[in-house]
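Please open the model in your viewer and keep the selection panel at hand. The tour moves from one selection to the next.

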Amino acid sequence: MFWRQPVTWYALMTTIIAPSLLAGNHAAFGKDAVRASKSGADWLHLDIMDGHFVPNISFGPQVVKAVRPLSKLFFDVHLMCSKPEILLEPFAGAGADEMIIHVELGERVEGLIWKIKKLNKKVGLAVNPPTPISLALPYLEKIDLLLVMTVNPGFGGQEFIHECLPKIQQAEAWRRANGWSYRISVDGGINHQTAAECARAGADTFVAGTSLFGARSLKAAVTKMRKVAAANDPAMADLKV
Ligand code: DX5
Ligand code: ZN
């Protein structure tokens, strides 16, 4: 019976494909947000870099606010910032649907999670490649999404770090063992091949900049990534048994 298969409940979690606007044309973000909307993607990933938490600067709430009316996609705002405290309200007001903060912020994480919840937004928690996944454990019950960084954050177009794959497996094992419901997202160097590897490890949410915006057809690239992810989803294989 379906409900007697403990591994399968989260198999109903659909695959999410989230193009990262960072790889779009910075002189035409609006146009690329519209392209993403028409591509069949589920979310738009927006990378916010403050030049301090990461050695690069991207864009701020005014850009998000300007793009918001052009797209109905879920806005997945990734705050690579040392002081998210001062940015949560501006990004919530600008139209973020989810805000992702980094576990490397240490003891401030708990308060930030509650602040995001109070703003009625989904909460994400990101873990950088050198950071042990165990640091995220105390928060997993409270969050909507765990973002496993598969490159060191700061720049698009970097190579996928394979050593991050066991973290995805661990996050998936914890989710299954505890009945938790956070999504497992991967971000950095995601293309059709690495998306397959991440899906096999348990990821269900795929952030990709260069490989999607750099493709000749964004729509075809999104469709293929969704297919590849589904074909490599071990939970779907369980359902077929
Ligand atoms: C990296 C960002 C990513 C970036 C991914 O610091 O968090 O979201 O846009 O870009 P690609 O897919 O090009 O590695
Ligand atoms: Zn990101």
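What follows is a short walk through a predicted model.

Colour the protein chain by pLDDT, the predictor's confidence in each residue from 0 to 100: the chain averages 94, and 93% of the residues score at least 70. Then select residues 1-11, where pLDDT stays under 50 and the model has 19 contacts (heavy atoms within 4.5 Å) beyond four places in sequence. Where pLDDT is low, the predicted coordinates should not be read in detail.

H45 belongs to strand β2 (residues 43-49) and H78 to strand β3 (residues 74-80), so the pair ties together parts that are 33 residues apart in sequence; strands are DSSP runs of E with at least two residues, and helices runs of H or I with at least four, numbered from the N terminus. Both H45 and H78 are buried, that is, under 20% relative accessible area with a 1.4 Å probe, protein chains only.

Finally, select L165, I168, Q169 and E172 in α5, which meet E197, C198 and A201 in α6.

Residues are numbered from 1 along each chain as its sequence is written, while chains are lettered from A and ligands numbered from 1 in the order in which they are written. In this predicted model, local features need pLDDT of at least 70, side-chain atom pairs count only at pLDDT 80 or more, and totals for chains, interfaces and linings use all residues, while side-chain values use heavy atoms, with hydrogens and water left out.

Key. Buried < 20%, exposed > 50% of the residue type's maximum accessible area, 1.4 Å probe, protein only.
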